[in-house]
Amino acid sequence: MRTKVVIKNKFRFGIALLLIMVFVITVLMISIGEGKGIDKEKNINWIFVKVKEGDSLWTISKNFVDDSVDIRDYISFVRKVNKLENAILYPGQVLKFVDVKTYKLLCTK
């Protein structure tokens with residue numbers, strides 16, 4: 001036997017439904033945001049570099065790595081962090097870098 005549900009006040013029902021939808025959407029957005037890998041870290045000391053004429057990712061990255069790190073992997077990391085589609089840089093562009101210690105820490109997680 002089915003129970004019939006009667007909505008006595010459509011306005012209150014609509015408000016309650018709207019609040020539930022906002023709550024669900026908020027929870028989904030928060031859970032999606034926590035899935036972001038690199039920027040999720042709170043204690044990263046980013047080093048911001050302003051690109052000058054003639055700079056390349058290779059020449060700038062050489063200042064942040066040592067022999068224990070493959071510079072090609074570091075450049076790939078920098079491109080990913082800065083959302084660069086290619087390695088072309090423009091004078092005045094500001095890029096985010098990290099030191100070797102932080103880079104190794106991020107790559108092991």
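**Entry 1: the whole chain**

I began with burial: buried residues make up 24% of the 109 residues in the protein. For this I took buried as under 20% relative accessible area, exposed as over 50% and partly exposed as in between, using a 1.4 Å probe and protein chains only. The model is predicted, so I kept its limits in mind: local features need pLDDT of at least 70, side-chain atom pairs count only at pLDDT 80 or more, and totals for chains, interfaces and linings use all residues. Residues are numbered from 1 along each chain as its sequence is written, and side-chain values use heavy atoms, with hydrogens and water left out.

Next I listed the elements. The protein has 4 helices and 2 strands. From the N terminus on, their order is α-β-α-α-β-α. Helices here are DSSP runs of H or I with at least four residues, strands are runs of E with at least two, and both are numbered from the N terminus.

The protein exposes about 9100 Å², and carbon and sulfur atoms supply 60% of it. Accessible areas come from the Shrake-Rupley method with a 1.4 Å probe; for residues, only the protein chains shown count as cover.

Contact means heavy atoms within 4.5 Å. Among contacts between residues at least 6 apart in sequence, 65% join residues at least 24 apart.

**Entry 2: the aromatic cluster**

I searched the whole structure for aromatic pairs and found 5. Rings of Phe, Tyr and Trp (its six-membered ring) pair if their centres lie within 6.5 Å; planes under 30 degrees apart count as stacked, over 60 as edge-to-face and the rest as tilted. One of the pairs is Phe64 with Phe97, which is stacked, at 5.0 Å centre to centre and 15° between the planes. This pair links distant parts of the chain: Phe64 sits in the loop between H2 and helix H3 (71-81), Phe97 in strand S2 (residues 94-97), and they are 33 residues apart. Both Phe64 and Phe97 are buried.

Tyr74 also pairs with Phe97. These rings are stacked too, 6.5 Å centre to centre with 25° between the planes. Tyr74 lies in helix H3 and Phe97 in strand S2, 23 residues apart, and again the pair links distant parts of the chain. I noted Tyr74 as buried because its relative accessibility is 0%. Phe97 is buried as well, because it has 0% relative accessibility.

Which residues do the ring pairs link into a cluster? I wrote down Phe64, Tyr74, Phe77, Phe97 and Tyr103.

**Entry 3: Ser61**

I moved to Ser61, in helix H2 (residues 57-61). Is Ser61 buried or exposed? Ser61 is buried, because its relative accessible area is 0%. Leaving aside neighbours within four places in sequence, Ser61 is in contact with Ile71, Tyr74, Ile75 and Phe97.

The side chain of Ser61 reaches the backbone oxygen of Leu57 at 2.7 Å.

**Entry 4: the salt bridge**

How many salt bridges does the structure hold? I found 1. A salt bridge is a side-chain nitrogen of Lys or Arg within 4 Å of a carboxyl oxygen of Asp or Glu. Asp70 and Arg72 form it, with the closest N and O atoms 3.0 Å apart. Asp70 is partly exposed, because its relative accessible area is 31%. Arg72 has 58%, so it counts as exposed.

**Entry 5: a nonpolar patch**

I looked up a nonpolar patch on the surface. It is formed by Val5, Ile7, Phe13, Leu17, Met21, Ile25 and Met29, with about 720 Å² of accessible area together. Patches use residues with over 30% relative accessible area and no salt bridge; like charges are joined within 9 Å, and nonpolar side chains (Val, Leu, Ile, Met, Phe, Trp, Tyr) within 5 Å. Val5 lies in the segment before helix H1 (10-33). Val5 is exposed, because its relative accessibility is 71%.

**Entry 6: the loop between H3 and S2**

I picked two residues here. Ala87 is in this loop. It is partly exposed, because its relative accessible area is 44%. Beyond four places in sequence, Ala87 is in contact with Leu57 and Arg79.

Gly92 is in the loop between H3 and S2. At 37% relative accessibility, Gly92 is partly exposed. Not counting residues up to four places away, Gly92 touches Lys50 and Val51. Gly92 and Glu53 are 39 residues apart in sequence, yet 8.4 Å apart in space, C-alpha to C-alpha.

Note on methods. Polar contact = N/O pair within 3.5 Å; in protein donor to acceptor, adjacent residues only side chain to side chain.
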